[in-house]
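Please walk through this model with me, from the contact between its chains down to single backbone angles.

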There are 2 protein chains.
Amino acid sequence: MSELDQLSINAIRFLALDTVEKAKCGHPGAPLGCAPIAYLLFHKLMKHNPSDSKWADRDRFVLSNGHASALLYSVLHLSGYKVGIEDLQNFRQWHSITPGHPEYGDTDGVEVTTGPLGQGFAMAAGMAVAEKHLAAKFNKPELEIVDHYTYVLCGDGDLMEGVSHEAASLAGTLGLGKLIVLYDDNLISLDGPTDLSYTEDVKGRFEAYHWQVLRVEDGNDLAAIEAAIVAAKAETTKPTLIAVRTVIGYGSPKAGTNKVHGEAMGPVDTAKTKENLGWPVDKFFYVPEEAAKNWATVAERGKKQYQEWTALWEKYKKSNPELAAEFELGQANKIAAGWEASVPVFLTEKPVATRNAGQQVMNAIAGKVPSLFGGAADLTASTKTIFKDSPSFHIDPAGRNVFFGVREFGMCAMVNGMAVHGGLIPFGSTFFVFSECCRPAMRLVALMKVQSLFIFTHDSIGLGEDGPTHQPVEQLMSLRAIPGLTDFHPADANETAAAWKLALERKTPSFMALSRQDLPVLDAVKYKVAEGVAKGGYVLEDGTDVVLVSAGSEVDLAMKSAVALKAEGISARVVSMPSWKIFEEQSAEYKSSVLPKSTPKLAIEAGATQGWWKYADEVIGIDRFGASAPGPIVMDKLGFNVANVVAHVKKLIKK
Amino acid sequence: MSELDQLSINAIRFLALDTVEKAKCGHPGAPLGCAPIAYLLFHKLMKHNPSDSKWADRDRFVLSNGHASALLYSVLHLSGYKVGIEDLQNFRQWHSITPGHPEYGDTDGVEVTTGPLGQGFAMAAGMAVAEKHLAAKFNKPELEIVDHYTYVLCGDGDLMEGVSHEAASLAGTLGLGKLIVLYDDNLISLDGPTDLSYTEDVKGRFEAYHWQVLRVEDGNDLAAIEAAIVAAKAETTKPTLIAVRTVIGYGSPKAGTNKVHGEAMGPVDTAKTKENLGWPVDKFFYVPEEAAKNWATVAERGKKQYQEWTALWEKYKKSNPELAAEFELGQANKIAAGWEASVPVFLTEKPVATRNAGQQVMNAIAGKVPSLFGGAADLTASTKTIFKDSPSFHIDPAGRNVFFGVREFGMCAMVNGMAVHGGLIPFGSTFFVFSECCRPAMRLVALMKVQSLFIFTHDSIGLGEDGPTHQPVEQLMSLRAIPGLTDFHPADANETAAAWKLALERKTPSFMALSRQDLPVLDAVKYKVAEGVAKGGYVLEDGTDVVLVSAGSEVDLAMKSAVALKAEGISARVVSMPSWKIFEEQSAEYKSSVLPKSTPKLAIEAGATQGWWKYADEVIGIDRFGASAPGPIVMDKLGFNVANVVAHVKKLIKK
């Protein structure tokens, strides 16, 4: 490589090293080893515009090994994103834009939150799905307004994680030709040499997934890395993994060992590293003028690429005004006005399982919400989350149905990748109990505050015979504890419709827990269901002696119990609380108007009692696992019957 | 195959089919396709004794595709386990021993709970680790008292799940030569043909993991399946995967389609299936006499194998009395009396991070609790869960340290497999926030009620700079919601020691959340820490105006706040509540003696507030994500300081 290249690469290395050193913590090893890759991508190969980090058709870069954040921040700074030297100097400090791991929304140019290993990799696969779908949907001959790559830098840890298997296997099946993964194959993990626990043949593994796998023997060989990336782009039907043999902590005294992975190396080793690589030992956060000049070409190059795309886009708008409008709405994460009118209202005549109600809503709004896109983890027939009029994305990339396979975590991480990519409102679906596998992705998207939807069905022991491994008990409560994740546990078909509407409007991540079994339908007008759900909790029937507060299928039990109580001279208010997060957003006045302080309150929900004590004095819930038997029997045996509610109320109001 | 073989195989098929049919739900497809495999294993190849299903040296059989439970129950019945025809007829009914998915503890001969796909596979890898370790530790020349195989039957779904990747990759690295997986390669998943979402080259993938991979082209070819299993046994340094091409729903009108996967086929198709395979259409739960006689040989064979082993064991006991005593204790899941004396007591002189306290306890008791075995998910240096005097299991199978790699879920599932295997008290360890990945396994072991230990460190935002992706917030509360899982959030080193003692004594699964940062040590004698922790919650300092109830690092804050409050004339009681589950087990009297109804109560814990409302009137907690900054700063900014506690108390007691 040229001297200028070397200087520009070392500028990354020492910015990152000084960044970690000043914070006295962080990860210096990967930045030193991977700086050439980052240089090549950001300086030469990637299509990006540092002055508009949200440009729709930019190449995406995902740092899946998020602990190498100092590398990313340094490269963003050098490329001209809004990351200043003072930000690098504030690395890992309160309210800085340079947190310990990259956080979506905190930092200009950071595409996605990473740190929990494997998820960046899987989210990148989701981004590549989004690109492929949007390209198939919007591109016209000579007017390819969607045409970008998703690059990933990842480490051993990413590939050890199960989610990498799920995403890689599906990415191979889906032929995501514009997904390019650079694997930092440095032979070291936190505990020591990778062969302590990780000896698999990565090439063989990824070829088995139908990926193209390339190898670069020397992570400092820019030409070889570039040639591999060119070959990756040339293979349009398969994703590519490029295994780059790097040296962790390159240039430092402890290079090639786990000692240089996860802590600041201290002033002595820092100085030695600078000395070893011919860098001035006495300069900190130093960018030589020539390197700075060289890095400045990124912004120019980006601007030019952006202008070319803008010219294309102007032509596109003229020749395809409707599609262009749809594209713009999608990019702004908006839905064309009036779509709400397509949300169905369910009649009270016959009971409807809320999973079926969900299916009806989804299909009713499908035409008006064209950005809605997703599928299930091999449970389409059970969760009912399929667009009836659209093909499988796998067969036709313009199709809106994704068959994710039995890959719950991978599905949700990919859905998150689609959400941060932009242009889509993505969803994933499975049995509610398997939300357990989804949680790490649900937490990550809650942290990112982007709009992933998770449609879960078979919401309680009410599913019956499949038994305790399949019966959710603690899931509702556990997910309600995740900050920023909106919960929906609708009581009936109309609450489900309202939940769908809110889920689309709120622009934040949310999940729904829907029933397998039929549930009576609440009168949408009489009970003002849509308005009620929009407040999270609301009064269905009024009463003065006791409040029965409930959610999901148990709202019906509460209604029936209120009738039975009335016959015994007890006046019960029935409150449905389909969304705790939304209820908590209401004013103190509203909340206490629904749940008056002075009235005894009994909560009823077929799930863990844990959180209900905030709202109720007594709880009928489930603090054990379920059992295999027909749903109504399990419900009855575990206390979800009118007699038990009545008995609890009598005891409660005696207090 | 012989006619007798065919008859005996069809006996499985039609018992299973009638079982599903009578319940009117379940999964007929896999039993019809896999009956020959099950026959070969249980009737001929496996070492097992139906009259002692807990025999230590039996071969293990794991039905990873647990939805095929009717297959397993039918084979257990035919083999002579305590599963009667009436039990098959009670399939999926309340309190039957034949639940929808196999449940450990419910049914004689069921080795492990399965249903959530992939986990059976991973637990089997754990069983094979246990076997290999115990064999290395106990066997003597000519006295190989531990020498058994672990067989797995799994489907596509198991192999799509990420946990199969984690476990398979590690199993290959560890060279688990006695792990034999039969893969029901039927080309069908719930949503339809597997190529909808699953096209990977399974052979290539597993060879990349360093497995032996064999293929059987016809799932009805007993000789070919047997030859493959013989070859699997002959390869002693690698696990083996045998891909058996079967036909889902073999013999039925909808054979080879997803229509026969997951629901009862109805009387018409059932009759047609019987007709197709030459079975009397008018007989139900029918076992022809010859088939019954043939199946009866299993019990005889088993008894003989058992007697041979018993003879060996008697010799072993004589020549190796000490090891034999240790083996027996391990099998009974007991620890030699007096071990508790080795649990250290920490002095108050200097603060200790509870992760370091945990390390000291582990190593102090290591000699007295030889069955303790485990490791971390590539975070040994951080979680400190390493036996200093023992080699890596990978290098020396008698070693007690397992390096699991970055595979949290796989680690925990493997730990569960070790726990159900018997002979070990296994543990796994990682950062607390990554318990999110462990949850599906933690739920499953809670359901099984066996003793897996999960040692989590970096328990709160107190970990500091790594930021929100690494800072637990909602994890404590979410895990406390899992039924049957004991929680420990110790306040200091002495509570940590007490928690370790209880975790070993309780014989049920538990987790610990330990701190990264140093915490002051409570006086073990003055505060009767061990007795207190054994009750889940206890009074540290008494007071009358307000109760400060807390756990983990915030107990120290509560203590300091009580001092500050005293200076202002407010008498505060301080309660430490290291284990909610154990506290809930105490009498109502004890609980209200600790948390008196009439005294205002303030809870303080650096985590989600959700569950605290059961115990307190007000909560200082965290219902948002953390932030990247030094730990003490994050703590202070989010309200964990004396001034904020005092302010809250003043407001509270004014109420």
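This is a predicted model: local features need pLDDT of at least 70, side-chain atom pairs count only at pLDDT 80 or more; totals for chains, interfaces and linings use all residues.

Residues are numbered from 1 along each chain as its sequence is written, chains are lettered from A and ligands numbered from 1 in the order in which they are written, and side-chain values use heavy atoms, with hydrogens and water left out.

Start with the interface. Contact means heavy atoms within 4.5 Å. By that rule, 94 residues of chain B touch 94 residues of chain A. The size of an interface is often given as the accessible area lost when the parts come together. Here the buried area is about 7,700 Å², and carbon and sulfur atoms give 58% of it. Buried area is the accessible area (1.4 Å probe) that two parts lose on being put together, summed over both. Three residues, B:Trp94, B:Arg443 and B:Gln610, supply 11% of the area that chain B buries against chain A, more than any other three.

Now the polar side of this interface. Between chain B and chain A, 46 residue pairs are in polar contact, both residues being at pLDDT 80 or more. A polar contact is a pair of N or O atoms within 3.5 Å; within protein, one must be able to donate a hydrogen and the other to accept it, and residues adjacent in sequence count only if both atoms are side-chain atoms. Several helices of chain B each supply at least two residues of the side that touches chain A, among them α7 (162-174), α15 (408-421) and α16 (435-448). Helices (H or I, at least four residues) and strands (E, at least two) are DSSP runs, numbered from the N terminus. α16(B) gives the most to this side, with eight residues. By class, the side has 42 nonpolar, 29 polar and 23 charged residues. Ala, Val, Leu, Ile, Met, Phe, Trp, Tyr, Cys and Pro count as nonpolar, Asp, Glu, Lys and Arg as charged, and the others, Gly among them, as polar.

Which charged pairs cross between the chains? The rule finds six salt bridges across the interface of chain B and chain A. A salt bridge is a side-chain nitrogen of Lys or Arg within 4 Å of a carboxyl oxygen of Asp or Glu. In one, B:Arg439 pairs with A:Glu436, with the closest N and O atoms 2.6 Å apart. In another salt bridge, A:Glu474 meets B:Arg443 at 2.8 Å between the closest N and O atoms. A:Glu474 lies in the loop between β12 (453-457) and α17 (475-480) of chain A and B:Arg443 in helix α16 of chain B, so the pair joins two chains. A:Glu474 and B:Arg443 are both buried. Buried means under 20% relative accessible area, exposed over 50%, partly exposed in between (1.4 Å probe, protein chains only).

Over all chains, the structure has 56 salt bridges. One links A:Glu308 and A:Lys304 (3.7 Å, N to O). These two are four residues apart in helix α11 (residues 289-319) of chain A, so about one helical turn separates them. A:Glu308 is partly exposed at 48%, while A:Lys304 is exposed at 54%. A:Glu131, A:Asp147 and A:Lys178 are linked in a salt-bridge network.

Turn to the rings. There are 56 aromatic pairs over all chains. Rings of Phe, Tyr and Trp (its six-membered ring) pair if their centres lie within 6.5 Å; planes under 30 degrees apart count as stacked, over 60 as edge-to-face and the rest as tilted. A:Phe454 and A:Phe456 have ring centres 6.4 Å apart and planes at 10°, so they are stacked. Both A:Phe454 and A:Phe456 are buried. B:Phe387 and B:Phe427 have centres 5.9 Å apart and planes at 65°, so this pair is edge-to-face. B:Phe387 and B:Phe427 are buried as well.

Next, one loop residue. B:Thr98 sits in the loop between α4 (85-89) and α5 (119-138) of chain B. B:Thr98 is buried, at 0% relative accessibility. Beyond its neighbours within four places in sequence, its contacts include B:Tyr73, B:Asp87 and B:Phe91.

Last, the backbone. Most residues other than glycine have a negative phi, and most peptide bonds are trans. A:His95, not a glycine, has a positive phi of about 65°. A:His95 is exposed, at 68% relative accessible area. A:Lys507 also has a positive phi, near 65°. A:Lys507 lies in the loop between α18 (493-506) and β14 (510-514) of chain A.
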